[in-house]
Amino acid sequence: SPALRRLFAKFVNAIGCTVAGLHDVGKLVPLLMKLGMRHIQYRVPEQYWAVLGTALDLTLQDTLGEAYTGEVKSAWTMV
């Protein structure tokens, strides 16, 4: 669906910005803070956070394939 494609494009863009920002934490932290503040407005109950984290982890595994290493998982878990 077009709506799902737009959402996926936003997701890929956010991932790209985050990866690019790993070299400049001074820019990365404000970007992630703004993203988090926007997502607070969605009011996802805390009991769903673990499910969302698992969904992100599975998406990264699927997207990155062999490039999804333990080190990558650890880095995303910290984010």
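Reader: How exposed is K73?
Author: K73 has a relative accessible area of 39%, so it counts as partly exposed. The classes are buried for under 20% relative accessible area, exposed for over 50%, and partly exposed in between, using a 1.4 Å probe and protein chains only.

Reader: What am I looking at, and how is it numbered?
Author: This is a predicted model, where local features need pLDDT of at least 70 and side-chain atom pairs count only at pLDDT 80 or more, while totals for chains, interfaces and linings use all residues. Residues are numbered from 1 along each chain as its sequence is written, and side-chain values use heavy atoms, with hydrogens and water left out.

Reader: Back to K73. Which residue does it form a salt bridge with?
Author: K73 pairs with D57, and the closest N and O atoms are 3.8 Å apart. The criterion is a side-chain nitrogen of Lys or Arg within 4 Å of a carboxyl oxygen of Asp or Glu.

Reader: Which parts does that pair tie together?
Author: D57 is in helix α3 and K73 in helix α4 (residues 70-78), so the bridge ties together parts that are 16 residues apart in sequence. D57 counts as buried because its relative accessibility is 18%.

Reader: How many salt bridges are there in the whole structure?
Author: The search finds 1 salt bridge.

Reader: What's the secondary structure?
Author: There are 4 helices and 0 strands, in the order α-α-α-α from the N terminus. Both kinds of element are DSSP runs, numbered from the N terminus: helices are H or I with at least four residues, strands E with at least two.

Reader: What follows α3?
Author: G65 follows α3, and its phi is positive, near 60°.

Reader: Which residue has a positive phi although it is not a glycine?
Author: R43, at about 55°. Most residues other than glycine have a negative phi. R43 sits in the loop between α2 and α3 and is exposed, at 73% relative accessible area.

Reader: Which residues make the nonpolar surface patch?
Author: Y42, V44, Y48, W49 and L52 make a patch of about 570 Å². Patch residues have over 30% relative accessible area and no salt bridge; like charges are joined within 9 Å, and nonpolar side chains (Val, Leu, Ile, Met, Phe, Trp, Tyr) within 5 Å. Areas are by Shrake-Rupley with a 1.4 Å probe, and for residues only the protein chains shown count as cover. L52 is in helix α3 and is partly exposed, at 47%.

Reader: And what forms the positive patch?
Author: R6, K10, K34 and R38 form the positive patch. The elements giving two or more residues to it are α1 (2-21) and α2 (25-40). K10 belongs to α1 and is exposed, with 61% relative accessible area. Lys and Arg count as positive, Asp and Glu as negative; His and the chain ends are left out. A charge is placed at NZ of Lys, CZ of Arg, CG of Asp or CD of Glu.

Reader: How far apart are the mean positions of the charges?
Author: The mean positions of the 8 positive and 6 negative charges are 16 Å apart.

Reader: What share of the chain counts as buried?
Author: Of the 79 residues, 10% count as buried.
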